[in-house]
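Trainee: Please take one part of this structure, the packing of its helices, and go through it closely.

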Amino acid sequence: MLTLPKSDLSVRTASSIKICRILILVLAIVVLGNGIGNAEDKPFTMTTSVGPPLYFEDGTGFFNLLTAEVFRRLDVKYEIIWLPPQRSLVYTNDGSYDGHIARTVAVEKRFPDLLRVPVDIFSFDFMVYSKNSQLSVSGWQDLLPYSVGMINGWKIVEQNLDGANAVFKVNSYDQLLAMLDKGRIDVAILDRVMGEWTLRSGGYELHIIEPPLISKPNYIYVHRRHAELVPEFTRIISEIKRDGTLDRFFAKAKLHR
């Protein structure tokens, strides 16, 4: 049996250890490199809970157009995921998604991890819908004797209906107007734009009661971990409003302000 000198064994052992360390280092670089690549490829996920004509799955809605332009100018990949109103807030606030379009400041008290981009993108007129065209409503207090339907997760409406006879919450415009049409609720509260679209598309013989209960600006929100992006979002949305792009999107989506 051949026996190597101790000096040769030491050299070979040292070489083996060195080779192992190099292999481990190379493997770590590959793994980290793949991780970085995946992170760079991962899109910025935006949730929304609005419907036509502000959001269409085919990308032609007003918020679709606006979001696409914002992220084009940011040079960041993105995707929009539709979720029911309450769920969209909860999941974005807990960090499951990166941002949300669009909400009023009423959400900030209950969802502190959502940071507002401080440039409004759209104003919602919150309207009363009724089967009675002669219904007179001058403010929220006039709704308290009635059974009122609303969209679940609309915090500004929820806050103003405290003390109402009965409040029913649903997740869709069509479901809410169907309840009103069938007499299951006395009145419904929806915004003007999406409510009008749902009235027309559903063929409901219902009435929008003027004036609005309240008009509120809506904003884009991002999760707190993206706080460093808020100034960039602010700059880009301000540019989009200033250079006329927002007006073109209003016209393309056939909206009126």
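**Helix packing**

Mentor: Helix α5 (residues 173-181) packs against helix α6 (residues 192-202) at an angle of about 65°, and their axes are 10 Å apart. Helices here are DSSP runs of H or I with at least four residues, numbered from the N terminus. Axes are lines fitted to C-alpha atoms over the stretch in contact, and angles run from 0 to 180 degrees between N-to-C directions. α5 and α6 are therefore roughly perpendicular to each other, a term for angles of 65 to 115 degrees. Their crossing is right-handed, that is, the near helix is turned clockwise from the far one by less than a right angle. Tyr173, Asp174 and Leu177 of α5 make the contact with Met194, Gly195, Thr198 and Leu199 of α6, where contact means heavy atoms within 4.5 Å. By class, this contact of α5 with α6 has four nonpolar, two polar and one charged residues; Tyr, Leu and Met count as nonpolar, Asp as charged, and Gly as polar.

The model is predicted, with local features needing pLDDT of at least 70 and side-chain atom pairs pLDDT 80 or more, while totals for chains, interfaces and linings use all residues. Residues are numbered from 1 along each chain as its sequence is written, and side-chain values use heavy atoms, without hydrogens and water.

A second pair is helix α2 (residues 62-74) and helix α7 (residues 230-242), whose axes come within 10 Å and cross at roughly 120°. α2 and α7 are therefore oblique to each other. The crossing of α2 and α7 is right-handed.

Methods
Helices (H or I, at least four residues) and strands (E, at least two) are DSSP runs, numbered from the N terminus. Angles under 35 degrees count as roughly parallel, over 145 as roughly antiparallel, 65 to 115 as roughly perpendicular and the rest as oblique.
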